[in-house]
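Keep the sequence and the 3D view side by side as you read.

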Amino acid sequence: MKIIIQLSREEEVKALPILLRHSPGMVLPERTYVLGEDAVGSLRKNGIRFAQLSREALAPCLEEVAGERV
């Protein structure tokens, strides 16, 4: 699952060494990052503060979307 977060300048300085050790993520403008759950968990564990902007929605299972065929 991917999570979009935004860091302050001060927190980004502390977070970069942690992020460089984890799975690849995507960097967007204004200190916004798209990261995996493991990377976000490591930031939390290390006391890095951030705003969570979005979380990837889980796809529904087949049973939830199956319906009658017309």
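Helices are DSSP runs of H or I with at least four residues, strands are DSSP runs of E with at least two, and both are numbered from the N terminus. By that rule, E12 sits in helix α1, which spans residues 9-20. The model is predicted, so local features need pLDDT of at least 70 and side-chain atom pairs count only at pLDDT 80 or more, while totals for chains, interfaces and linings use all residues. Residues are numbered from 1 along each chain as its sequence is written, and side-chain values use heavy atoms, with hydrogens and water left out.

Start with the overall plan. The protein has three helices and four strands. Read from the N terminus, their order is β-α-β-β-α-β-α.

Now find the sheet. Its four strands lie in the order β2-β3-β1-β4, the sheet is open, and the pairing is antiparallel. Two strands count as paired if DSSP finds at least two bridges between them. β2 (26-28) and β4 (51-55) each have a single partner strand, so they stand at the edges with one side left without a neighbour in the sheet. From one strand to the next, the twist averages 25°. Angles like this run from 0 to 180 degrees between N-to-C directions, and axes are lines fitted to C-alpha atoms, for helices over the stretch in contact.

Look at one pair of strands. Strand β1 (residues 2-6) is joined to β4 by four bridges, and the two run antiparallel. Here Q6 stands opposite A51 in β4. Helix α2 (residues 37-45) packs on the sheet, where it touches β1, β3 (32-36) and β4. The direction of α2 makes about 110° with that of β3.

Next, ask what is hidden. Buried means under 20% relative accessible area, exposed means over 50%, and partly exposed lies in between (1.4 Å probe, protein chains only). Of the 70 residues in the protein, 27% are buried.

Which residues of α2 are buried? They are A39, V40, S42 and L43. These residues cover an arc of only 155° around the axis, which puts them on the same side of α2. The arc is that of the directions from the helix axis to the C-beta atoms. The buried residues of α2 pack against β1, α1 and β3. On the face turned away from the buried side, α2 carries the exposed residues D38 and K45. After α2 comes G47, with a positive phi near 75°.

Move to the core. A nonpolar core is a set of buried Ala, Val, Leu, Ile, Met, Phe, Trp, Tyr and Cys residues joined through side-chain atoms within 4.5 Å. The largest one here has 13 residues, and I5, L7, L19, L35 and L43 have the most contacts inside it. Two or more residues come from each of β1, α1, β3 and α2.

Contact means heavy atoms within 4.5 Å. Leaving aside neighbours within four places in sequence, I5 is in contact with several residues, including Y33, L35, V40, L43 and L53.

T32 lies in strand β3. Its relative accessible area is 8%, so T32 is buried. Leaving aside neighbours within four places in sequence, T32 is in contact with I4, I5, Q6, M26, V27 and L53. E12 is buried too, with a relative accessible area of 18%. Beyond its neighbours within four places in sequence, E12 is in contact with L7, R31 and Y33. The C-alpha atoms of E12 and F50 are separated by 8.8 Å, yet these residues are 38 residues apart along the chain.
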